[in-house]
Amino acid sequence: MTSRDIAIRYGFLALLFALIGFFAISAEGFASPQSAVFIFQSVAITGILALGVTATLVVGGFDLSIGSVATSAMMAAAYVMVVLEQNALVAILACLLIGAIVGLINGFLIVYTRVPDLLATLGMMFLLVGLQRIPTEGRSIATGMTMPDGSVANGKFSDAFLALGRHRFDFFIPNLVPVSVVVLIVLALLIWFFLEYTRFGRMMYAVGSNERAAELAGAPVKAYKIWAYVISGIFASIGGILLAARLGRGDIASGNNLLLDSVAAALIGFAVLGAAKPNAFGTAVGALFVGVLLQGLTMMNAPYYTQDFVKGAVLVVALVFTFALSNRGKR
Amino acid sequence: MAEDAVFRVAGLRKSFGPNQVLGGVDLDLHSGEVVVLMGANGAGKSTLVKIVSGVYRRDGGQMMLAGFDYRPESPAEAMRAGVVTVHQNINDGVVASLDVATNLTLDRLNGAGAPLFLNPRRIRREARAVAERMGLHMSLDAAIPDLSLADRQMVAIARAMAHEPKVLILDEPTSSLSSAEANRLFALIDRLRERGVAILYISHRMSDIRRLADRIVSLRDGQIAGVFADRPLDYEAAVNAMLGQAMGRRTIEPRTATGTVFSAENLKLAEGARPFSLSLGDGEVVAVTGLVGVGKTALAETLFGARRPLGGSMTLKGSVYAPASPGEAIAGGAFLVAKDRSENGIVSDFNVYENMSLPFLRRLSTFGVSRRRAERALARRQIAELGIVCRSERDDMTTLSGGNQQKVMVARWMAQGASLFMLDEPFQGVDIAARHDIAAKLRASAAGRATLIFVTELDEALETADRILVMSEHTIVGEHVNAGIDMDRLLAEVAGQPVRGAA
C-alpha cells in the first residue's frame, strides 16, 4: 500500500480524530460525555435521514424528498394526536405508513414511469411541502389551536410520544443518552449490516454499479430499486417522528435544513475509508464529522451563521477526496 | 521503402504502475498504405492507439509526424496536427442529440477561429461538402439514433476526415458491423488510401485483414513481433507472430447427444419471422451462427427469459419452460453468459469473487447473510479451473485483461451446474489463447447439460461446436454436423441466399 493509498483510506478518519483532539484541547468542556452526547443528539435526525438516502444512493438513485417526508411525518404525528386525539402508537404507525407510501410512489415513478430520480423526488418534495399545510390551512399544530372550521383542537401530544424526544437512558452517568441517539445507532447498525453482509445489500450495490448485469444475473432490479426508496422514506419518517417528539408540536417552519444536511452527510461518507461509493459506515461518520465540527466551533464562539459555510466546505473537501484522489474514472 | 514514412514511432514505451504495456515499439506508416496492426488482447494495441491519439502520455521513445517531432498533449491537439483516430465504440464518435450535418462539422465549433454564432446554412453547406467528398448518401437532417451502426461509423469517419488528416487510425471499426456494412467501410477506406492517407487499421478479424492489408504488423506483449510486407502477405505467419505459437484451426470430433435436454416448438422471435423448432441434447455443444442483427441475441434472450417469444413453446428437462425473467430462467437451470461483458456482465465496483458469486448469492447465503468465505473459496476454485490470470480473487475487475475478464464471466456461470448453458459472443474481444481455453473448457465440461453458443465468426463455431445452426432473418435456416461441412451451403445460408445448383 503506498502512502497515497493510506492517505485516501484513512485521511478522513485521521482528520476527524485530529479535529476532536484539537477541540478537546482548545475548547473547554468539549471532551466530556455530555458534550459527546450532545453531538450525537444534534446529528441524530439528519443522520437517520442520511442513512436512508444512502440506500437510494447505493442503487444508483437519489432521494430529494427525505426532508419533506420527515416534516410531513412530523405534521402528521401532531395532527393525529392533537386533532384526531389518538394515542402515540397510532401516530407513529401513521408516520411510518406515510414514509412507506411516499417511498413506494417515488420508486414507482422512477422504475415504471421512468422519471429520472432527481426529478421524481424533487417533484415529490414539492408536493409534500404543500400537502402538509393543507389540513391546517398552513398553520402549525399545537394543543388549543383553532381549526379551519372554527372548532378548537383539544388533543395533546401523549406523554409516551414526548418521551421519544425527552427521555434519556442511563449510561454510566444517569440520564445521559437520549432516545434519538439510541435510534440512530440502532438504525445505523441495521442498515450497515444489511448493505454489507446480506445478499440483498450486495445486489443493491450490483444494481447501482451495473443495472443490466444485475438483471441478467437474475436480480429483480425493479423491486430492489423500489425497496431502496421505501427504506429511504421509512427512515425519513422515523426522523420526522423524533423531530415531532423533540418539538412537542407540529411546527410548519422546522426541518428546513434536513435535506441538505443529510445529503451532505451521505456524500461525505463516500470519502471515509476510501470507499468512493455510498456506504452506511461512511454516512454515519460523515454525520458525526459535521456534528463534531459545529459543536467544536460553537464552543469556541464561532457565530451560528457560519455553520452552513463550514458544512459546505467540509462537503467540498470530502468530494475532492472521493473523486480526485481515489482511482475513480481514471487510469 | 524508398519514400520516407509520414508517421514514425520509435522505441515507444509506456507503463501503468509496475505493468509495462509497451516495451519499445517501432512503427512506420506511409501515405497511401493500410497497415494492419494485429495483437492479442493485452498486447498493447489500445495503449499504442491512445498514446498516438494524445489520450495517454508516453513514458519514452519518439514520434515523428512528417519529419517533425510529434508529442500531442490532448486528443484535440493530435487531431489538429493531422492524426485522427476513430475509436472502437462507434457511439463515442458521434453526438446522438445532434443531426448528421452538425455532427459532420462538430470539430469546427472548437479551437481558435471558431465562430461565436452558429449559422445553420453554413453548417449545412460545409456538411454537404464533407459528405460529398466522402461519398456519404444519407440525409443531413437525420438524427443519429435513427441511423444504423454502419452509418454512424461513416459519419464519425467522415467527420474525422474533414480535417484532411495525414494519418487515420481505425480501432476495430468493424466489430459491431454486419458484413454488408463492413463492405461499405472498406470501400471508403480504399478511397482514402487512394487519396494518400496513411492508415493504421487495428482488427482481430481475418476477413478484414485479408481485404485491406498492405502490410501487417504483429504486436505481442508490448513489442513488435513481426512485420509482413512481402506479397502475397503471409497471414498465417502474422497470426503466429502475434500469438507466439502455431495455432492452426483445431478440428472437432463431433459428439452425438444423448437424450434431449431442451426443445422449442414453433418458436417465433419477431414479427414476420418464420417460426422454427430446435432441440438440444445432453453433452453436445451447439453453435448458432449468422450475421450481426439476424436474431442470435434475440434467441439467447428468449431462452433466458429476458424477452418473450411471439409464439411457440419451450421444454426444458421434460417440463414446460416459459421463463418470465432471467431470475426464473436461472432457477430453472438455464444460464446465459451475455455478450458485451462490460455492459451486460461486469459489475465494475465489485472485485473478482463478488462478480463470480453474483447470480448465486442466494445459494451462498444463510438467512440472507452472504458467506464471503464460501464465495472466495468458490472463486479460487473457478480461477484455478479456468486458468484466470490474476493476483487473487480480491482483484478489481479493471486490473484484468479482456480475455481474463471474459473468463471470469464464464467462470461465474460455470460455478453451478446448468441444464442449458448459453454463451452469447463468448469470444468477443478475447485473444485467441483465451478463446481456445474457453472453448476447450466448454467442451470438456459439456456432459450433463446442453451448451449453446452464439457466434458471428464462423471460425469460432467451427472450432468449438459439435453442431452448427445458421440463423437468418430471425429464424434458423440451416443445420450442419461439424464434420466435413459443405462450406458453400453454409456460407450461402449465412448470406441468406437460396442455394443454387445441385448440392
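pLDDT is the predictor's confidence in each residue, on a scale from 0 to 100. The structure is a predicted model, in which local features need pLDDT of at least 70, side-chain atom pairs count only at pLDDT 80 or more, and totals for chains, interfaces and linings use all residues. Residues are numbered from 1 along each chain as its sequence is written, and chains are lettered from A, with ligands numbered from 1, in the order in which they are written.

For the complex, the predictor gives an ipTM of 0.85 and a pTM of 0.78. Chain B has a mean pLDDT of 84, with 92% of its residues at 70 or more. Helices (DSSP runs of H or I, at least four residues) and strands (E, at least two) are numbered from the N terminus. Within chain B, confidence is highest in strand 16 (residues 334-337), at a mean of 96, and lowest in helix 8 (residues 235-243), at 72. Residues 499-503 of chain B stay under 50. The model has 3 contacts beyond four places in sequence for this stretch. Two residues are in contact if their C-beta atoms, placed from the backbone, lie within 7 Å.

An automatic or database assignment supplies the domain bounds. For chain B it gives domain 1 (7-243), domain 2 (250-333 + 417-503) and domain 3 (346-415). The centres of domain 1 and domain 2 of chain B, taken over C-alpha atoms, are 34 Å apart.

Chain B holds an open sheet of 6 strands in the order 6-7-8-3-9-10, with mixed pairing. Strands pair if DSSP finds at least two bridges between them. Strand 6 (83-86) and strand 10 (223-228) of chain B are at the edges with a single partner strand each, so one side of each has no neighbour in the sheet. Neighbouring strands are turned by 20° against each other on average, direction ignored. Strand 3 (residues 33-39) and strand 9 (residues 215-220) of chain B run parallel and are joined by 5 bridges. G39(B) has L219(B) in strand 9 as its bridge partner. Helix 1 (residues 45-52) of chain B lies across strands 3, 6, 7, 8 and 9 of chain B. This helix runs at about 145° to strand 7 (167-171) of chain B. Axes are lines fitted to C-alpha atoms, for helices over the stretch in contact, and angles run from 0 to 180 degrees between N-to-C directions.

At the interface, 23 residues of chain B contact 20 residues of chain A. Helix 10 (326-331), helix 11 (341-344) and strand 18 (369-370) of chain B each give two or more residues to this side of chain B. Helix 10 of chain B contributes the largest share, 3 residues.
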